[in-house]
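The stops below go from the whole chain to single residues and then to a pocket.

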Amino acid sequence: MASKKKNENTSPAEEKLKQDTAADTAEDTAPEAPPAEPAAPEAPAQNDSDKYLRLMAEFDNYKKRSIKERENIYTDVRVDTVTKFLPVYDNLERAMKAETADEAYKKGVEMTFNQLLDVFKKLGVEEIEALDKSFDPNFHNAVMHVEDETLGEGVIVEEFQKGFKIGEKVIRFSMVKVAN
C-alpha cells in the first residue's frame, strides 16, 4: 500500500517525466539509426531571402508593366482624339487650296489651319513624309500606279491624303501614287 500512496502523491508532471524516461529507455534498446544531419541554420534564412528577392522582382515587373500600360493608354487616347480631328484637317487643307477673292477669309482659314497644326505638334503628331520618297508599306497606302521611265522604282509621285503618326504608331497612312 505504501507504493500506492506514493503514486497518489506524485504530481502529473512527475508522472509525465517517468513516462518519458521509460520511453527513452525503450529507444536506447532499439537498433541505432545513422545520425540525421543537423539542419543548416542558414537554410530558413536563405529560403526567406529567396522569397524576398522573388517578391521584389515580381513587384518591379508589376511597376514596369503598369507604367507601360499607362503610356499605351495615353497614346491610344491621343490617337483617338487626333483621328477625330483629321477630317477637320482635310477640310481646312482643301479650303486653303481653293481660290477666293476674299483675303480676310483666306487669312482666317490659314490661321485656323496653323493653329490645328500647333495642337497636333503639342500632341506629338508628325506628318508622314511621302512626296518623292521611296514607297514604304508601313507608312504609305498606294492607291494608284504610274509607269514613268524618268523616275526610280517605287518612288511616290503624288500624295492624295496626308498620313500622320505619333511616335512609331501610324494614325493614318498616306494615300499615294507610286511610279513603276
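Start with the whole protein: of the contacts (heavy atoms within 4.5 Å) with a separation of 6 or more, 63% are between residues 24 or more positions apart. This is a predicted model, in which local features need pLDDT of at least 70 and side-chain atom pairs count only at pLDDT 80 or more, while totals for chains, interfaces and linings use all residues. Residues are numbered from 1 along each chain as its sequence is written, and side-chain values use heavy atoms, with hydrogens and water left out.

Colour by secondary structure. There are 4 helices and 6 strands, where helices (H or I, at least four residues) and strands (E, at least two) are DSSP runs numbered from the N terminus. Their order from the N terminus is α-α-α-α-β-β-β-β-β-β. Of the 180 residues, 20% are buried, meaning under 20% relative accessible area with a 1.4 Å probe, protein chains only.

Next, select Val-82, Leu-86, Tyr-89, Phe-120, Val-125, Phe-164 and Ile-171. In the largest nonpolar core, which has 13 residues, these touch the most other members. Such a core is a set of buried Ala, Val, Leu, Ile, Met, Phe, Trp, Tyr and Cys residues joined through side-chain atoms within 4.5 Å. Helix H3 (42-97), helix H4 (103-122) and strand S4 (163-166) each give two or more residues to this core, and H3 gives the most, with 5.

Centre on Phe-164. Leaving out residues up to four places away in sequence, Phe-164 touches Leu-86, Tyr-89, Phe-120, Val-125, Glu-126, Glu-127, Ile-128, Val-170, Ile-171 and Arg-172.

Now show the strands. An open sheet of 3 strands has the order S1-S4-S5, with antiparallel pairing; two strands pair if DSSP finds at least two bridges between them. Strand S1 (125-128) and strand S5 (169-172) each have a single partner strand, so one side of each lacks a neighbour in the sheet. S4 and S5 are joined by 3 bridges. Select Ile-166 to find Lys-169 of S5 opposite.

Which residues line the largest pocket? Select Asp-90, Glu-93, Arg-94, Lys-97, Glu-159, Phe-160, Gln-161, Lys-162 and Arg-172. On a 1 Å grid over the protein atoms alone, a pocket is an open set of points where a 1.4 Å probe fits, with protein on both sides within 12 Å along at least five of seven lines; lining residues have an atom within 4 Å of a point. H3 supplies the largest share of this lining, 4 residues, and strand S3 (156-161) supplies at least two.

Note on methods. Buried < 20%, exposed > 50% of the residue type's maximum accessible area, 1.4 Å probe, protein only.
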